[in-house]
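Biologist: I have a model open on my screen and I'd like to learn how to read it. Could you take me through it feature by feature?

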Amino acid sequence: MMDLCWLRKIYSLGLMGLIASVLPVDSVWSADSGVLYAIENEISAILDVNRPGVVRIHALYPQDRTDNPTTGAVFTHGTGFIFDARGYILTIDAAVQGAEEIHVFLASDRRVLAHLVGADPISGVAVIRAEAEGLPTVKIGNSDRIRIGHYAFILGNDFGNLVAATGSINEIYQDS
């Protein structure tokens, strides 16, 4: 009797062989043309266009916070994106709520002081405003055109490095 582990390996290899035999190698995997090349170029363009509007957020909390009784000031780090050239930034509530000082680090490494404009603890989002004008913004997509299965990109700023995560839309909520 054949071991179940070997049966899985044979099945996996057969499935990979089937997939490889179905794909048109010359048009899809070509280095200079094809579907994959076009997708990679489109994703790279999205990242390049939006990189300047993705920021790093450092928040300083008073040293007498009751939920973190340590000595000295407490820092948190977060990320967000500039959605308005007047300095309005969307981030998560946990990154800035109750902060004594908020500093925003732009993609250019410029540091700007910011303040909390408003927060919604239920949804976990917050808006802060950097004390600067004419800032680069991200290009936000058209939510009316979103369909299940479309790609979604989440961009973050991890200590000056653009971090991109991809996923896909799996559910759409509509107001009734």
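Modeller: Let's begin on the surface, where Ile146, Ile148 and Ile172 form a nonpolar patch with about 260 Å² of accessible area together. A patch is built from residues with over 30% relative accessible area and no salt bridge; like charges are joined within 9 Å, and nonpolar side chains (Val, Leu, Ile, Met, Phe, Trp, Tyr) within 5 Å. The areas come from the Shrake-Rupley method with a 1.4 Å probe, and for residues only the protein chains shown count as cover. A salt bridge needs a side-chain nitrogen of Lys or Arg within 4 Å of a carboxyl oxygen of Asp or Glu.

Biologist: Before we go on, what kind of model is this, and how are residues numbered?

Modeller: It is a predicted model: local features need pLDDT of at least 70, side-chain atom pairs count only at pLDDT 80 or more, and totals for chains, interfaces and linings use all residues. Residues are numbered from 1 along each chain as its sequence is written, and side-chain values use heavy atoms, with hydrogens and water left out.

Biologist: What should I know about a nonpolar core?

Modeller: The general idea is that in soluble globular proteins, nonpolar side chains tend to be buried together. Here, a core is a set of buried Ala, Val, Leu, Ile, Met, Phe, Trp, Tyr and Cys residues joined through side-chain atoms within 4.5 Å. The largest one has 16 residues, and those touching the most other members are Val55, Ile57, Ile89, Val96, Val104, Leu106 and Ile128. At least two core residues each come from β1 (54–61), α4 (93–96), β4 (101–105), β5 (111–120) and β6 (125–130). The largest share, 3 residues, is from β6.

Biologist: Which residues does valine 104 contact, leaving aside neighbours within four places in sequence?

Modeller: Contact means heavy atoms within 4.5 Å. Valine 104, in strand β4, is in contact with Val55, Arg56, Ile57, Ile89, Arg110, Arg111, Val112, Ala114 and Ile128. With 0% relative accessibility, valine 104 counts as buried.

Biologist: How do I read charged pairs?

Modeller: Side chains of opposite charge can pair when their charged atoms come close. The count here is 2 salt bridges. In one, arginine 86 meets aspartate 84 at 2.9 Å, N to O. Arginine 86 is partly exposed because its relative accessibility is 44%, whereas aspartate 84, at 19%, counts as buried. Glutamate 133 also bridges to arginine 129, with the closest N and O atoms 2.8 Å apart, and glutamate 133 is exposed at 55%.

Biologist: And aromatic rings?

Modeller: A pair of aromatic rings is described by the distance of the centres and the angle of the planes. Rings of Phe, Tyr and Trp (its six-membered ring) pair if their centres lie within 6.5 Å; planes under 30 degrees apart are stacked, over 60 edge-to-face, and the rest tilted. The whole structure holds 1 aromatic pair. Phenylalanine 83 and tyrosine 88 form it, tilted, at 6.4 Å centre to centre and 40 degrees between the planes. Both partners are partly exposed: phenylalanine 83 at 36% and tyrosine 88 at 24%.

Biologist: What about backbone angles?

Modeller: Most residues other than glycine have a negative phi, and most peptide bonds are trans. Aspartate 109 has a positive phi of about 75 degrees although it is not a glycine. Look for aspartate 109 in the loop between β4 and β5, where its relative accessible area of 62% makes it exposed.

Conventions
Buried means under 20% relative accessible area, exposed over 50%, partly exposed in between (1.4 Å probe, protein chains only). Helices (H or I, at least four residues) and strands (E, at least two) are DSSP runs, numbered from the N terminus.
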